[in-house]
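Please examine the sequence and the model displayed below.

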Amino acid sequence: MTTTFIISEEKLRFFTDLNDSVDTSLLKNAVREAQDIMLQRIIGTKLYNKILSDIDANTLTGAYKTLVDDYIQDFLLYASYYEALEAIYIRPRNNGLLKPTGGENSIEVDRSLFNVKRQNTENKMEFYADKLAAYLAEEQGLFPELNTNNKLYEQYPDYGSQYRSPIVFGRNARVGAHYEQAKEAGLRITDSKYKQYPWGSNIE
């Protein structure tokens, strides 16, 4: 189990609307889940472990420090908040899902309000996830761990799946029927603005 945290509980409280009454252990568990599941899925186990080791040894410097300070921590703020929301607002009980209101008191959950809150947090999380993924795609040469062979039990980095589409549409094609049909079929679509990539320049 991960005991090293890339983002602190204090920073999570400061940059979100989480107040001091939220249990510390709940937030730490949310950060741990966000790191182990969401972040590791993007950057892969090799780079993830490298960052944790550097933090433990107080040797996080250079490109790795830039990656953490400018990209990973922003993503983890909202990924951790997203993981914490359900435990904060909804507690499973024998008589269903309840929202705690103080002490032993609780009321039935208004799922619509909870879903709005969680969707808003997810939107922010995905924004920073895309920003992190784009940075890794552009600067992968700075992080050799991204291209290191992984064992079966290690997570392979998934930072660039949005840049590996087999089908590329030009920008004007976004308004066409074929673009919408491809989206509905679940095909990954590469944006033609990424002209530096061989798969992101023209319609095939």
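The model shown is a predicted one. Of its 204 residues, 40% count as buried. When contacts between residues at least 6 apart in sequence are considered, 63% of them join residues at least 24 apart.

Helix α2 spans residues 24-57 and helix α3 spans residues 62-89. Their axes come within 7 Å and cross at roughly 140°. An angle over 145 degrees would count as roughly antiparallel; α2 and α3 are therefore classed as oblique to each other. The crossing of these two helices is right-handed. As to the composition of the contact of α2 with α3, its residues comprise 22 nonpolar, 2 polar and 3 charged.

Helix α2 also packs with helix α4, which covers residues 111-138. How are α2 and α4 oriented to each other, roughly parallel or oblique? The angle between them is about 25°, and their axes lie 10 Å apart. Angles under 35 degrees count as roughly parallel, and α2 and α4 are therefore roughly parallel to each other. In this case the crossing is left-handed. On the α2 side, the contact is made by M38, L39, I42, I43 and L47; on the α4 side, M125, A129, L132 and L136 take part. The residues of this contact of α2 with α4 divide into 9 nonpolar, with no polar and no charged residues.

D36 is located in helix α2. Is D36 buried or partly exposed? Its relative accessibility is 25%, and D36 therefore counts as partly exposed, given that buried means under 20% and exposed means over 50%. Which residues does D36 touch, if those up to four places away in sequence are not counted? They are T2 and Y48. T2 and D36 are 34 residues apart along the chain, and their C-alpha atoms are separated by 7.5 Å.

Notes:
Residues numbered from 1 in each chain as written. Predicted model: local features only at pLDDT ≥ 70, side-chain atom pairs only at ≥ 80, totals over all residues. Heavy atoms only, no water. Axes fitted to C-alpha atoms, helices over the stretch in contact; angles between N-to-C directions. Helix = DSSP H or I, 4+ residues; strand = E, 2+ residues; numbered from the N terminus. Parallel < 35°, antiparallel > 145°, perpendicular 65-115°, else oblique. Left-handed = near helix turned anticlockwise from the far one by under 90°. Nonpolar A, V, L, I, M, F, W, Y, C, P; charged D, E, K, R; others polar. Contact = heavy atoms within 4.5 Å. Buried < 20%, exposed > 50% of the residue type's maximum accessible area, 1.4 Å probe, protein only.
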